[in-house]
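Open the model in your viewer and keep the selection panel at hand. This tour goes from the whole chain to single residues.

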Amino acid sequence: MKFHYKKEFIKQFDAYSRQEQELILEADRQIKDYIKNQNASYGLRIKNIGKNVFEARVSRQIRIVWVRQENMITFALIGNHDEVRRFIKRL
């Protein structure tokens, strides 16, 4: 499985504080484990929010969205609940 990060994802990551970035990196690691083993911690609360589109909860305010395509996972968004809803509407 290959992993790709959109430029917007990286820009959004850079905008967060160091403490939030550490939470995001830990969630990223847990998401990759979930993708490989289909076993995730309850705290991530992974949800299927569209066709091959998934969301994981980093914290009360921060979500990560990724898209699964055949052998590629594309991390598309880091944002709050409202930003995730806007992302879904654009699909």
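## The whole chain

Start with everything shown. A compact globule of 91 residues would have a radius of gyration near 12 Å, and the chain has 12 Å, so the two agree. Keep in mind that this is a predicted model. Along the principal axes, the C-alpha atoms fill a box of roughly 30 × 30 × 25 Å. Of the 91 residues, 35% count as buried. Among contacts with a separation of 6 or more, 44% join residues 24 or more positions apart.

Now color by secondary structure. Read from the N terminus, the elements run β-α-α-β-β-β-β-α.

## The sheet

Select the strands. They form an open sheet of 5 strands in the order β1-β5-β4-β3-β2, with mixed pairing. Which strands sit at the edges? They are β1 (2–5) and β2 (47–50), and each pairs on one side only. Look along the sheet to see the twist, which averages 30° from one strand to the next.

Next, zoom in on β3 (residues 53–57) and β4 (residues 63–69). These two strands pair in the antiparallel sense over 5 bridges. Pick Ala56 and find its bridge partner in β4, Ile64.

Strands β2 and β3 run antiparallel and are joined by 3 bridges. Select Asn48; its bridge partner in β3 is Phe54.

Hide the cartoon and show side chains. Nonpolar side chains tend to be buried together in soluble globular proteins. The largest nonpolar core here has 18 residues. Select Ile24, Ile31, Ile64, Trp66, Phe75 and Ile78, the members that touch the most other members. Elements α1, α2 (18–37), β3, β4 and β5 each supply at least two residues of this core. Helix α2 gives the most, with 5 residues.

Center on Ile24. What does Ile24 touch, not counting residues up to four places away in sequence? The list is Phe13, Tyr16, Val58, Ile62, Ile64 and Ile78.

Then clear the selection and pick Val53, Val67, Ala76 and Phe87. They are included in a second, separate core of 7 residues.

## Glu55, a charged residue in the sheet

Go back to strand β3 and select Glu55. Is Glu55 buried or exposed? Glu55 counts as buried because its relative accessibility is 5%, and the cut-off is under 20%. Show Arg63 as well: its side chain makes a polar contact with the side chain of Glu55 (3.1 Å). Now display the other surroundings. Not counting residues up to four places away in sequence, Glu55 touches Arg45, Ile46, Lys47, Ile49, Arg63, Ile64, Trp66 and Val84.

## Loop stops

Follow the loop between α2 and β2, where Arg45 lies. The phi of Arg45 is near 50°, a positive value in a residue other than glycine. Arg45 is partly exposed, with a relative accessible area of 38%.

Asn39 is in the loop between α2 and β2 too. With a relative accessible area of 58%, Asn39 is exposed. Show Asp33 and Tyr34 next to it: Asn39 is in contact with both, leaving aside its neighbours within four places in sequence.

Finish at the loop between β4 and β5, and select Glu70. Glu70 is not a glycine, yet it has a positive phi of about 25°. Is Glu70 buried or exposed? At 82% relative accessibility, Glu70 counts as exposed.

Methods
Residues are numbered from 1 along each chain as its sequence is written. This is a predicted model: local features need pLDDT of at least 70, side-chain atom pairs count only at pLDDT 80 or more; totals for chains, interfaces and linings use all residues. Side-chain values use heavy atoms; hydrogens and water are left out. Two strands pair if DSSP finds at least two bridges between them. Helices (H or I, at least four residues) and strands (E, at least two) are DSSP runs, numbered from the N terminus. Axes are lines fitted to C-alpha atoms, for helices over the stretch in contact, and angles run from 0 to 180 degrees between N-to-C directions. A nonpolar core is a set of buried Ala, Val, Leu, Ile, Met, Phe, Trp, Tyr and Cys residues joined through side-chain atoms within 4.5 Å. Buried means under 20% relative accessible area, exposed over 50%, partly exposed in between (1.4 Å probe, protein chains only). Contact means heavy atoms within 4.5 Å. A polar contact is a pair of N or O atoms within 3.5 Å; within protein, one must be able to donate a hydrogen and the other to accept it, and residues adjacent in sequence count only if both atoms are side-chain atoms. The radius of gyration is taken over C-alpha atoms; the globule rule is 2.2 Å times the number of residues to the power 0.38.
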